[in-house]
Amino acid sequence: MNKPLDFHQRMRLPKRPLWAVFGEKALEALIRLCGVSAIIFVLAIFFFIFREALPVLFSGRFNILEFLFGVKWYPTSAVNVRYGTWALTVGSASVTLLAMVIAVPFGLGAAIYISEFCAPKIKEPLKIVIELLAAIPSVVWGFIGLTVMSKLIVAVTGAPLGVNLLNGGVILALMSVPIIVSIGEDALKAVPDSYREAALALGTTKWQLVYRVLVPAAKNGLLAAVLLGVGRAVGETMAVLMATGHAVQIPHSLVDPIRTLTANIAAELGEAPAGSDHYRVLFLTGVLLFCITFAVNMTADFVIRGVRRK
Amino acid sequence: MADAMQMSNLFARSAFTGRKELSQTLARWAFCAMTVMMVAPLFAIVAYLIIRAAPSLNWEFLVDIPRQGMREGGIWPAFIGTIYLVVISLVIAAPIGVLAAIYLNEYARDNWFNRIINLAVINLAGVPSIVHALFGLGAFVYAAKFGYSIISASLTLAIMTLPVIIASTREALASVPMAFREACWNVGATRWQTIRAVVLPNAISGILTGVILQVSRAAGETAPIMFTGAVFYKAVQRGNLFPYHLNEQCMALSMHLYTVATQVPNVKESIPYATAVVLLGSVLMVNATAIAVRVWLRTRKKW
Amino acid sequence: MGEALKKIEVNGLRLAYGGREVLHGLSFDIYRNEIFAVIGPAQSGKTSFLRCLNRTIDFVPGAAMSGSVRIDGEDVGRVRDVHSLRRRIGMVAPLPVGLPLSIYDNVAFAPRCAGLTAKAELDAIVEKSLRQAALWDEVKDRLGSLGTALSGGQQQRLTIARALSHQPDILCLDEFSIAIDPVTTMRIEEVLKELRSQITIILVTNLTHQARRLADRTMFLWNGDIVELDTTEKIFSDAPANPRTYEYVNGIFG
């Protein structure tokens, strides 16, 4: 049996060595500092791009309303310099809209398929394929738009140029689908199984279950998935730079070449001399972009929070 | 007697159930088709790229330097440049990201300050890559006076990959059950002792996966490095493993693909395709490794 | 029982979770070397009281504690090093928890956190604690195997070994038997009877018969108030001071 307990022979537990205690406190201070770093970086980003843009805002040559709503963009003109970004904003909006019109139905459909209809053996490989699709770099997508998609569009629509709004829209759609599928699938997975069991016990088909019960129950998460897809599309640079052409104009048909806010900065920054007005206006465009994506991401997070609270 | 006959007909197949089953089958095939239409392009595109790239795809292409103004030769300086940028940016971003996630998951209480930190992480994740480029230009190239260099480009990439490392590390930490932490606190362990002994070792697989996935992202981005340190052409020895100094500019695969596809006239058709294949192949291989690591480590779970 | 034998003095202890009070000003004493049972239905505040004792209430967001809890005269709310306080109190939770470390590391964890690194001393502590928890014979040949791979009953004994490894003066058990088999429960009860002569034991339990078997004194806690505190004999007799005690103990409500 057990030895007699000899509690009286207690060992004094030593105190922790001072270097260990101080080392731990220092490490915890470092951890807290890193935690705060995210705020520091966001503020830093805003600060530094605004800093480069600021001088032009206060110069007499600049008008904020013309910047936001003017259609003419002639930054390098010798006589008639104009910095109107409206055409670029419309370019961004139209390519994003087109991309969402394609990506949302297909993305949500794929999310529903993977979550509800798919055989378990195909599910894991399918999810892995979607993950790999999400990993394709944007410059490779741009290259595909420039080569493959461009030839396809010219062949199908007979347009003179293959790089245009349609090209950009399709490429962006393919890029946004993985986000919509994975977050949408998470949202559907979060709906409790009891909903499914109750509905099936009442004799509904899977299809009725989906559109009558699951989609309404998961609508916040699905909306968030769409918003995050929009956020990705609006912020995309290289793919649209290579796939949409080089015309700063408001599109009148699907096959018109356009340019987005993002691509514009990338295309012209290399040529604008540092410190010039053109350079500073490009930074100001960056500020505008930052605000737009900020708003979209805040909305998406707000919507997701509605899901978590349930 | 008549009642019994009516009862048995309740479960027989009627026109109504027939329609329902048909709509179910149709729905199933419709959703399946949607999925296939989204997924099939991946295979088609990869196949097309490989076919077009075939004439140039060989070992020489990887190790040789570009010749004749990019029209001939290989991509070695760009390949090694990308490796430089990826390694340096992750060496900077991974420790900060992991420590920040430890703070958010293990130390932070639920007050307004920490809610703002969470919002900041989400916003940082959503910043467009060109805005990161502008930031890198304003902050590292000019304000910090690093100039156009590998260090500026790596710092810019580090800030870009930081939020996703924070998010995936948090998930990994949160997957360790609370009961373990409480058992440690009950015997007088400090927060850090608990983290070091129980939480971190069991979250390491998730953390590793998250960091590896960011490798492919850092390798694929073009805009942030285009204006901070990546350059069109740099003279480098073929096959040299350490050709760059940190304060120099470098070539990079993503930048090279953009350049060769849009800025170089009369290039041999297979060269840009081959560059795309090398970039895409490297990225997909790294991601597949991360996924394999995740699957393998899941089988070795300790509870 | 004189003043010198008081181990824990509770005075006006109030606890609120985000404005909702769960302990309404408790005042009582626990003496040295006794088994002190706290009985009562669920949500009475029994676990909350234990959390106040070893200050793990600090980890609960929104918890506010007032009043005083003194151990050997020292107020736990004002103690300088909360970690050494926790090492003076052993805590066993309802659900068995084996840490995902080897069995040896499970039991050596607390001494190592306290700063002990000498292998010979750690070996001695591990063996002693496992013997005290009646687990040594079953695991002595596989101290390197994973703690989470043990059965529920073994993991609960492992938890007790862990709790004893830092040589506490007070051992608290919070419904320790609800998730383990009766045989292990009996073995652990034997262990508690043996330990009583050296340390003070606080036994929180929903199982009134367990309190009857083990405790010297019993406190009936209901909705954050002390209904009755007396010797076990009195509480479980046919005429306790409070009729509600009789009703609870005999299963008329609970």
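Which domains does the domain assignment of chain B give? Two entries: domain 1 covers 2-55, and domain 2 covers 59-298. Keep in mind that this is a predicted model.

Let me stay with chain B for a moment. The C-alpha centres of domain 1 and domain 2 of chain B are 40 Å apart. The two domains do touch. Six residues of domain 1 of chain B contact six residues of domain 2 of chain B. On the domain 1 side of that contact, five residues are nonpolar, none is polar and one is charged.

Now the chain contacts. Start with A and B. Chain A puts in 64 residues, and chain B puts in 67. Where does the largest share of chain A's side come from? Helix α1 of chain A, residues 18-58, with 20 residues. By class, the side of chain A that touches chain B holds 44 nonpolar, 12 polar and eight charged residues.

Next, C and B. Here 23 residues of chain C are in contact with 18 residues of chain B. Three helices of chain C each supply at least two residues to that side: α2 (82-88), α3 (103-114) and α6 (152-165).

Two packed helices are described by the angle between their axes and the distance between the axes. Take α5, residues 138-157, and α6, residues 165-189, both in chain A. Their axes come within 9 Å and cross at roughly 135 degrees. The crossing of α5(A) and α6(A) is right-handed.

Which residues meet there? From α5(A): Ser138(A), Trp141(A), Ile144(A), Gly145(A), Met149(A), Ser150(A) and Ile153(A). From α6(A): Leu166(A), Asn167(A), Gly168(A), Val170(A), Ile171(A) and Met175(A). Eight residues in this α5(A)–α6(A) contact are nonpolar, five are polar and none is charged.

Last item, confidence. Chain A has a mean pLDDT of 85. In chain A, 94% of residues reach 70 or more. Where does the pLDDT of chain A fall below 50? Over residues 1-9. That stretch of chain A has seven contacts in the model beyond near neighbours in sequence.

Definitions and conventions. Residues are numbered from 1 along each chain as its sequence is written. Chains are lettered from A and ligands numbered from 1 in the order in which they are written. This is a predicted model: local features need pLDDT of at least 70, side-chain atom pairs count only at pLDDT 80 or more; totals for chains, interfaces and linings use all residues. Axes are lines fitted to C-alpha atoms, for helices over the stretch in contact, and angles run from 0 to 180 degrees between N-to-C directions. Helices (H or I, at least four residues) and strands (E, at least two) are DSSP runs, numbered from the N terminus. A crossing is left-handed if the near helix is turned anticlockwise from the far one by less than a right angle, and right-handed if clockwise. Ala, Val, Leu, Ile, Met, Phe, Trp, Tyr, Cys and Pro count as nonpolar, Asp, Glu, Lys and Arg as charged, and the others, Gly among them, as polar. Domain bounds come from an automatic or database domain assignment. pLDDT is the predictor's confidence in each residue, from 0 to 100.
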